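Below are my comments on the model you sent.

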Amino acid sequence: MRDSETAGHKDSGLQKKLVGAARHLINERGFGQTTMAMLAKKTGMTVREAEGYYPSVREICHDVILSYQEEMAAQFEKYSHSNNPRQRLSHYLDSLADNADELMARGCPITNLYFDLKREDRDLARQATRLLLQRYNWISDQFVLITRVE
């Protein structure tokens with residue numbers, strides 16, 4: 001047993017590692033094809049250790065969605081330092097271009113997750129919908145600001 005578990009809490013570094021592995025595997029294989037055994041193997045943990053953090057792929061998916069929400073919020077916050085909405089949109093599009101090879105090979109991980117969850121788990125799909133709306137609303141807000149400036 002790890003020292004952090006005996007202290008009554010879990011190792012947040014290992015938890016983040018599991019979430020990162022889940023993001024990768026769910027995007028690569030799909031939600032329904034990702035297992036706790038795969039996650040454990042990818043993180044160098046036993047299945048039992050991984051299940052100590054998350055009892056199922058469904059449970060870890062909540063934190064996967066949250067990690068995407070936090071990452072997107074941080075990305076948009078970084079762009080907010082520009083006063084120009086055109087420039088903010090340009091930065092966002094540049095970030096997509098920087099990841100073009102990955103996007104072409106596997107598609108958008110957030111959109112893929114949404115469609116995967118829509119087929120597999122309605123509750124998680126509703127959470128993933130918020131990710132798409134977060135992105136849509138930010139982009140829409142930039143266009144509204146552009147029309148006000150001009």
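**Notes on the predicted model**

1. The cover over the buried residues of α3 includes α2, α4 and α5. The model is a predicted one, and the points that follow should be read with that in mind.

2. Within α3, the buried residues are M36, L39, A40 and T43. Viewed down the axis of α3, they fall within an arc of 100°, so they line one face of the helix. An α-helix has 3.6 residues a turn, so residues three or four places apart point the same way. Just after α3, G44 has a positive phi of about 75°.

3. The largest nonpolar core has 36 residues, and those touching the most other members are L18, L39, I60, C61, I65, L113 and L117. At least two residues of this core come from each of α2 (12–29), α3 (36–43), α4 (47–53), α5 (57–79), α6 (85–98), α8 (109–120) and α9 (122–149). The top contributor is α5, which gives 9 residues.

4. Which residues does C61 contact, leaving aside its neighbours within four places in sequence? They are I26, F31, L113, L117 and L124.

5. For the protein as a whole, the secondary structure consists of 9 helices and 0 strands. Buried residues account for 36% of its 150 residues. Of the contacts with a separation of 6 or more, 63% are between residues 24 or more positions apart. The C-alpha trace spans about 60 × 35 × 30 Å along its principal axes.

Terms used
Residues are numbered from 1 along each chain as its sequence is written. This is a predicted model: local features need pLDDT of at least 70, side-chain atom pairs count only at pLDDT 80 or more; totals for chains, interfaces and linings use all residues. Side-chain values use heavy atoms; hydrogens and water are left out. A nonpolar core is a set of buried Ala, Val, Leu, Ile, Met, Phe, Trp, Tyr and Cys residues joined through side-chain atoms within 4.5 Å. Buried means under 20% relative accessible area, exposed over 50%, partly exposed in between (1.4 Å probe, protein chains only). Helices (H or I, at least four residues) and strands (E, at least two) are DSSP runs, numbered from the N terminus. Contact means heavy atoms within 4.5 Å. The arc is that of the directions from the helix axis to the C-beta atoms.
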